[in-house]
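Me: I'm new to this one and would like to learn how to read it feature by feature. Could we go through it together?

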Amino acid sequence: MVSQTEGQFLTLHEYVKFARNKVTPDIWDYLIGGTETETSVRRNRLGIETLAFRPRVLRDVSKIDATGRFLGRSIRLPVALAPVGSLESLSPGGAATAAKAAEAFNVPTIVSSVTPQPILDDVAKSKGPRVFQLYVRGDQAWQDEQVRRAEDAGYDMFCLTVDTAIYSRRERDIAKRFIKPWRQRAIGMDFQAALNWSHVAHYKKHHRLPLILKGIATAEDALMAVEHGVDTVYVSNHGGRQLDHGRGSIEVLPEVVSAVAGRAKVWVDGGFYRGSDVVKAVALGAELVALGRLYCYGLAADGEAGVGGVLALLENEMISAMGLLGVPSLAELGPHCLHTAAPTNLPGVHSAFPLLNLADPGY
């Protein structure tokens, strides 16, 4: 447990505030921004904040088990570090530094294929649970080679991102005429646009690593995924950074869980910042919640220690929420723990952190 009185970072919002002061304004806007009106960013938080808890009392919560599962083995929390291709702009070690923190905490890290190769080589040294996430930039032979490389590097699972057929208009960047270095290097976008279910069928026929499809946003596509033998359906709207005016990820989660009907695992990301957020997602059927911006703040603020610190605070919050809900283990969570209620905050990328000065346009 994290001390409530000692240390530089005692709350999650302190990591956000410190990170903002460490990164450049261009990178900060890239990190917190979304597409066009940023409606999907706000709906991620709105969906989470419109769910209230239904606590039960007089339950024995003297021992609380917040551990999750990954490929049948125990992990410390039901969370993973989501794939972010720009991590080296937050801390020199980038994805390798994040992977070290994830390994030490015993949670998975999902590594983006746009990570520079020298850093990918360092990630390969990690012994923690790891997933390789691919943006498609070549033909079928090229894709097969990426899978083989992931297998050889010891990754546990392979993830295809499926919601980036068109690169979105992120107006915070456009208005500043800011072109991210990793975007300047990007080639072969037409191959991503051409990605379709036949590629999924090919993967399942020819490769052994369990397959994740990241970017599922409807029951219909979730059903298609399980019919193709996909192992994990990953609900995501890319943190509100692809399709504008999409639904919040947690709003999509129940229909996907219902469509999958236990034939695959369900993961989710999109606006999850607090331990209570993770508890809500698990209650609605998610096996695992992927963290994006949240661990980026820890990485920017304090490198490996910052990522570990964020995870430790998240664990504290989860244990507190579960204890006060009257549920000593994740297995006892379910939709019966939740009730729809009016949100109390104006939803936004940082509405989970009321101690920030949200009137400051920088937040």
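Me: How do the residues of the lining of the largest cavity divide into nonpolar, polar and charged?

Reply: They split into five nonpolar, four polar and one charged. For those classes, Ala, Val, Leu, Ile, Met, Phe, Trp, Tyr, Cys and Pro count as nonpolar, Asp, Glu, Lys and Arg as charged, and the others, Gly among them, as polar. Before we go on: this is a predicted model, where local features need pLDDT of at least 70 and side-chain atom pairs count only at pLDDT 80 or more, while totals for chains, interfaces and linings use all residues. Residues are numbered from 1 along each chain as its sequence is written, and side-chain values use heavy atoms, with hydrogens and water left out.

Me: What is the idea behind looking for a cavity, and how many cavities of 30 Å³ or more does the structure hold?

Reply: Rolling a probe the size of a water molecule over the atoms shows where empty space is left. On a 1 Å grid over the protein atoms alone, a cavity is a set of points where a 1.4 Å probe fits but cannot get out, and a pocket is an open set with protein on both sides within 12 Å along at least five of seven lines; lining residues have an atom within 4 Å of a point. Points are joined across faces, edges and corners, and a volume is the space filled by probe spheres set on them. Here there are three cavities of 30 Å³ or more, and the largest cavity holds about 80 Å³.

Me: Which residues line the largest cavity?

Reply: Look for Leu-134, Gln-140, Gln-143, Asp-144, Val-147, Phe-158, Leu-160, His-199, Tyr-203 and His-207. Helix 6, strand 7 and helix 10 are the elements that give two or more residues, and helix 6 gives the most, with four. Helices (H or I, at least four residues) and strands (E, at least two) are DSSP runs, numbered from the N terminus.

Me: And the second largest pocket: how much space lies in it?

Reply: About 610 Å³. Its lining has 29 residues, and the closest to its centre are Val-162, Asp-163, Gly-215, Ala-217 and Asp-221. By class, that lining has 14 nonpolar, twelve polar and three charged residues.

Me: Let's turn to strand 6. Why is strand 6 said to be largely enclosed by the rest of the structure?

Reply: Buried means under 20% relative accessible area, exposed over 50%, and partly exposed in between (1.4 Å probe, protein chains only). Strand 6 (residues 130–134) is largely enclosed because five of its five residues are buried. Both faces are covered, with Arg-130, Phe-132 and Leu-134 on one side and Val-131 and Gln-133 on the other.

Me: Which strands pair with strand 6?

Reply: Two strands pair if DSSP finds at least two bridges between them. Strand 5 (residues 109–112) runs parallel to strand 6, joined by four bridges. Ile-110 stands opposite Val-131, and Val-111 stands opposite Phe-132. From strand 5, the chain passes through helix 5 (residues 117–123) to strand 6 in a right-handed β-α-β crossover. Right-handed here means that, with the strands pointing away from the viewer, the path from the first strand over the helix to the second runs clockwise. Strand 7 (residues 157–161) also pairs with strand 6 in the parallel sense, over four bridges, and Leu-160 is the bridge partner of Leu-134. The link from strand 6 to strand 7 goes through helix 6 (residues 140–152), and that crossover is right-handed.

Me: Is Leu-213 buried or exposed?

Reply: Leu-213, in strand 8, counts as buried, at 1% relative accessibility. Contact means heavy atoms within 4.5 Å. Leaving aside neighbours within four places in sequence, Leu-213 has contacts including Leu-160, Val-162 and Trp-197.

Me: Where is Ser-329 found?

Reply: Ser-329 sits in the loop between helix 14 (293–325) and strand 12 (338–340). Ser-329 counts as buried, at 19% relative accessibility. Beyond its neighbours within four places in sequence, Ser-329 is in contact with Asp-65 and Met-322.
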